Amino acid sequence: MTSSILKVENLQKRFGGLTATDDVSLTVEPGEIHALIGPNGAGKTTLISQLFGELAHDAGHISLNGQKIDSLPTPDRVARGLARTFQITCLLPDYTALQNVSIACQVQKGHSFHFLASARRDTDLREEAAVLLRRVGLEERAGELVANLAHGERKQLELAVALATRPRLLLLDEPMAGLGHVESQQMVDLLLSLKGQFSMLLVEHDMDAVFALADRISVLVYGRIIATGSADEIRSNADVKTAYLGEGDELC
Ligand SMILES: Nc1ncnc2c1ncn2[C@@H]1O[C@H](COP(=O)(O)OP(=O)(O)OP(=O)(O)O)[C@@H](O)[C@H]1O
């Protein structure tokens, strides 16, 4: 039996009187895309931030590749194979697409940010970054400043930056947010092209994308997971229909 890439056990996060994640347990298996869906304010981003070490949890445990990472700061989690993308992209706007990925490659190699100037010169880094840009379909925009990229291109670039850290598990926080229909389909195709090479925990509101991508889906409502299963199991789950969509709506 293979062991889970990610194992979350009874995780909890309180903000004052509000329990944002409440006894959350889930796994992500090797090569799996596990989607996390739920209404606004359900606690999805809070959970991702706990996993990435940006928010400390009040109870529970997180294991990555069989090792507990509860007390590790974010850089140590990245070094162990965790990467995340953000709902609102987190890139360097005055640098080109290629430079953004080069810098991420450089950081992955253990250098710090005061090596920015040399990042522009280093051929090896540029080549590595160019490969990653090609992988996300941005090779023709390599020399463009981030500030001039379209929203969808920034999402693609953020994925390339995440891949530069050589992750085993990608935490994807709404990769389709703000994308039009065509761009969303392109992002689905891109994630499908990466499927199997990386494990992914995918937070997403776009249900077409979720059903196209996910091996398993967990539904979070008021901080609690109310169901986990295949797309068909989730579509037909009465609790999910009621709690997530309201009586009479269809999960389509
Ligand atoms: N730093 C914070 N301090 C206090 N409350 C917070 C904080 N961050 C999140 N919350 C609250 O925790 C709950 C969960 O928020 P979270 O952003 O995790 O939900 P979400 O499922 O990601 O929502 P959305 O789908 O709208 O992005 C919300 O009620 C939110 O207002």
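**Exercise 1. The shell around the ligand**

Which strand and which helix each supply at least two residues of the shell around the ligand?

Solution. The model is predicted: local features need pLDDT of at least 70, side-chain atom pairs count only at pLDDT 80 or more, and totals for chains, interfaces and linings use all residues. Residues are numbered from 1 along each chain as its sequence is written.

Step 1. List the shell. The ligand is surrounded by Phe 15, Leu 18, Ala 20, Gly 38, Asn 40, Gly 41, Ala 42, Gly 43, Lys 44, Thr 45 and Thr 46. A residue counts as near a molecule if its C-beta atom, placed from the backbone, lies within 6 Å of it.

Step 2. Assign the elements. Strand E2 (18–28) and helix H1 (44–52) each give at least two residues. Helices (H or I, at least four residues) and strands (E, at least two) are DSSP runs, numbered from the N terminus. H1 has the largest share of the shell, three residues.

Step 3. Sort by class. The shell holds four nonpolar, six polar and one charged residues. Here Ala, Val, Leu, Ile, Met, Phe, Trp, Tyr, Cys and Pro count as nonpolar, Asp, Glu, Lys and Arg as charged, and the others, Gly among them, as polar.

**Exercise 2. H3 against H5**

Describe how helix H3 (residues 97–108) packs with helix H5 (residues 123–135).

Solution. Step 1. Two packed helices are described by the angle between their axes and the distance between the axes. For H3 and H5 the angle is about 115° and the axes are 8 Å apart. Axes are lines fitted to C-alpha atoms, for helices over the stretch in contact, and angles run from 0 to 180 degrees between N-to-C directions.

Step 1. H3 is therefore roughly perpendicular to H5. Angles under 35 degrees count as roughly parallel, over 145 as roughly antiparallel, 65 to 115 as roughly perpendicular and the rest as oblique.

Step 2. Residues of H3 in the contact include Leu 98, Val 101 and Cys 105, and those of H5 include Ala 129, Leu 132 and Leu 133. The contact of H3 with H5 has nine nonpolar, two polar and two charged residues.

**Exercise 3. H6 and its partners**

What angles does helix H6 (residues 151–164) make with H7 and with H5?

Solution. Step 1. The axes of H6 and H7 come within 10 Å and cross at roughly 15°, so H6 and H7 are roughly parallel to each other.

Step 1. Gly 152, Lys 155, Gln 156 and Leu 159 of H6 meet Glu 183, Gln 186, Met 187 and Leu 190 of H7. This contact divides into three nonpolar, three polar and two charged residues.

Step 2. The axes of H5 and H6 come within 9 Å and cross at roughly 130°, which means that H5 is oblique to H6.

Step 3. In H5, Leu 132, Leu 133 and Arg 135 meet Ala 160, Leu 163 and Ala 164 of H6. The contact of H5 with H6 has five nonpolar, no polar and one charged residues.

Key. Two residues are in contact if their C-beta atoms, placed from the backbone, lie within 7 Å.
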